[in-house]
Amino acid sequence: MANMIKFTKMQGAGNDFMVIDGVTQSISLSADTIKKLANRQFGIGFDQLLLVESSAVADFKYRIFNADGSEVSQCGNGARCFVRFVVDQGLTQQREISVETASGIITPKLEDHGLVTVNMGAPRFKPDAIPFVAASAATHYALEVNDQAFNIAAVSMGNPHAVLTVDDVETAPVLPLGSAIEHHPRFPERVNVGFMQVMDEHHIKLRVFERGSGETLACGTGACAAAVTGIQSGRLSSPVKVSARGGELSIAWQGADTPVMMTGPAVTVFTGEIDLDAI
Ligand SMILES: N[C@@H](CCC[C@H](N)C(=O)O)C(=O)O
């Protein structure tokens with residue numbers, strides 16, 4: 001017997017998602033099934049799968065799975081697509097919703113101009129958020145990779161990020177170095193790796209090698225992480241325009257424990273149905 005589920009394919013600045021309504025459908029997905037669905041040749045293809053569920057503490061619960069099947073705690077571009085999805089599906093009448101994630105509650109808001117702004121919460125530079133940081137109290141660290149030392153900034157946006165500053169994002173070794181840092185023993189939970197080129201104090205170019213998904217066309221939490229580490233070290237000033245390969249995001253942060261505000265697009269690409277027993 002077929003095991004059909006309905007889904008929506010969405011993208012935010014080119015970071016693409018399979019979004020599933022788990023409020024009106026009963027959904028149970030193994031890591032292996034998610035990997036198969038993520039496959040761009042044999043499945044649907046996406047960077048992350050987003051599962052919408054009911055919540056006891058917020059308007060909705062938001063579960064996030066990387067293309068390798070691992071469940072993670074935060075996704076910025078996904079949060080923008082999430083609010084567009086629940087509004088378009090008629091699951092809410094509100095344009096600003098509270099969403100329970102594995103790392104706390106975030107509040108995405110669909111703006112009148114069509115973009116979405118998300119209150120992503122405050123960044124965390126503390127050791128409990130980034131196990132690697134336990135070694136030091138500084139924001140920037142020397143990380144040795146294949147006998148070479150790299151200066152990295154580490155921050156949690158609800159998920160772990162390492163940010164390197166490079167002269168030119170186009171020629172930066174994003175794939176080999178990103179993969180080596182993602183799996184570096186100093187990051188026991190693996191890490192998302194951002195490569196940032198500072199254009200001026202309000203503008204950066206960014207490529208991100210994402211934990212569990214590889215390089216994506218944009219990473220929302222990666223954009224927040226790069227902007228806040230740049231602001232924290234005095235090289236950037238809020239707001240920061242982040243140019244990724246798939247589009248642009250705007251990040252505002254007033255420092256310390258204030259929340260990071262992220263604004264950017266959220267677009268529906270198509271809707272479909274798939275038989276989970278047939279993939
Ligand atoms: N694409 C995302 C981040 C998704 C999760 C990340 N790969 C992780 O493992 O933490 C974003 O837009 O933030």
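Me: How many residues of domain 1 are in contact with domain 2?
Reply: 20 residues of domain 1 touch 21 residues of domain 2. In contact here means that the C-beta atoms, placed from the backbone, lie within 7 Å. This is a predicted model, where local features need pLDDT of at least 70, side-chain atom pairs count only at pLDDT 80 or more, and totals for chains, interfaces and linings use all residues. Numbering starts from 1 along each chain as its sequence is written.

Me: Which element gives the most to the domain 1 side?
Reply: That's α2, with three residues on the side of domain 1 that touches domain 2. Helices (H or I, at least four residues) and strands (E, at least two) are DSSP runs, numbered from the N terminus.

Me: And what's that side made of, by class?
Reply: Five nonpolar, 13 polar and two charged residues. Ala, Val, Leu, Ile, Met, Phe, Trp, Tyr, Cys and Pro count as nonpolar, Asp, Glu, Lys and Arg as charged, and the others, Gly among them, as polar.

Me: Where are the domain bounds?
Reply: Domain 1 is 4-118 + 266-278 and domain 2 is 131-258. Those bounds come from an automatic or database domain assignment. The C-alpha centres of the two domains lie 24 Å apart.

Me: OK, ligand now. Where does it lie relative to the domains?
Reply: Between them, because domain 1 and domain 2 both give residues to the shell around the ligand.

Me: Which residues come nearest?
Reply: N77, N159, R211, G220 and T221, out of 19 residues around the ligand. A residue counts as near if its C-beta atom, placed from the backbone, lies within 6 Å of the molecule.

Me: Which helices supply at least two of the shell residues each?
Reply: α2 (76-88) and α4 (220-232). α2 gives the most to this shell, with three residues. By class, the shell has three nonpolar, 13 polar and three charged residues.

Me: Switching to strands: how do β9 and β10 pair?
Reply: Antiparallel, over six bridges, with β9 at residues 140-145 and β10 at 148-156. Strands pair if DSSP finds at least two bridges between them. H140 has A153 of β10 as its bridge partner.

Me: What's in the turn of that hairpin?
Reply: There are two residues between the strands, and N146 takes a positive phi near 50 degrees.

Me: How many bridges join β10 to β11?
Reply: Five, and the strands run antiparallel, with β11 at residues 160-165. A154 stands opposite A162 in β11. This hairpin has three residues between its strands, and G158 in the turn has a positive phi of about 100 degrees.

Note on methods. Contact = placed C-beta atoms within 7 Å.
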